[in-house]
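Reader: I have some questions about the terms used for this model. Please set each value against its cut-off.

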Amino acid sequence: MRKMHTFCASLLTVSILLLSGCKDTALRENTGSSPASIVFEAQDMEGNAVSSEIFSEAKLTMVNVWATYCNPCLREMPGLGELAGEYASDEFQIVGVISDVLEGSDQRTLDYAADLVEQTSADYTHLLLNESLYYALLTDVSAVPTTFFIDEDGVILDTVVGSMEKSAWEEKINELLEK
């Protein structure tokens, strides 16, 4: 019971921070590697189990944390959808994390998120928030969109807070793939 209370309090805190922090342009970029790998278990929008093993499927994974209420998030998603199809799947992939839709949400909430994904042509995996994913990746997220670039070992290579145009994302992706 105490663990659930702590999770709910943390989720409330992150929700408040995210609600106040919808960012239209990139504010900062952090470079450098984190020594620890990201480890989580979650579900995608179709209810399929997804774990941090997903990072091993590509040399570089772009994890875009977004919210259904965030206009900058939704504006950049069509470009992200295009980018997802422009690279070899073993080189680059995109994973979305819907920060305001919890695993186990009611069908109406899930349908709304699915409609947004379809409208924005963001045809890549989108994960629903749960405790494991929150503690693995979102504890330091203060605004959406926040995007993490993660290598095949689950190590964060770079973080961008705010939205960017497709061409800027492409430049960032190519730079990280060349390293």
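Reader: Where is P145 found?

Author: P145 is found in the loop between helix 4 (131-138) and strand 7 (146-151). Helices (H or I, at least four residues) and strands (E, at least two) are DSSP runs, numbered from the N terminus. This is a predicted model; local features need pLDDT of at least 70, side-chain atom pairs count only at pLDDT 80 or more, and totals for chains, interfaces and linings use all residues. Residues are numbered from 1 along each chain as its sequence is written, and side-chain values use heavy atoms, with hydrogens and water left out.

Reader: What kind of peptide bond joins V144 and P145?

Author: A cis bond, with omega at about -5°. Most peptide bonds are trans.

Reader: How do you know that C70 and C73 form a disulfide?

Author: Their sulfur atoms are 2.5 Å apart. A disulfide is a pair of cysteine sulfur atoms within 2.5 Å, so the pair counts. The search of the whole structure finds 1 disulfide. The link of C70 and C73 is right-handed, with 80° about the S-S bond. C70 and C73 are both buried.

Reader: Why is S121 called partly exposed?

Author: Its relative accessibility is 48%. Buried means under 20% relative accessible area, exposed over 50%, and partly exposed in between (1.4 Å probe, protein chains only). S121 therefore counts as partly exposed. S121 lies in the loop between helix 3 and strand 6. Its phi is near 55°, a positive value in a residue other than glycine.

Reader: What span is expected of helix 2, and what does the helix reach?

Author: Helix 2 (residues 71-86) has 16 residues. The expected span is 1.5 Å times one less than the number of residues.

Reader: Where does helix 2 bend, and by how much?

Author: At M77, by about 35°. The bend is the angle between axes fitted to the seven residues ending there and the seven starting there. A proline, P78, follows within four residues.

Reader: Which residues of helix 2 are buried, and what covers them?

Author: The buried ones include P72, C73, L74 and M77. Among the covering elements are strand 5 (92-102) and helix 5 (166-178).

Reader: What is F40 in contact with beyond its sequence neighbours?

Author: Contact means heavy atoms within 4.5 Å. Leaving aside neighbours within four places in sequence, F40 is in contact with residues including V50, F55, L127 and L133.
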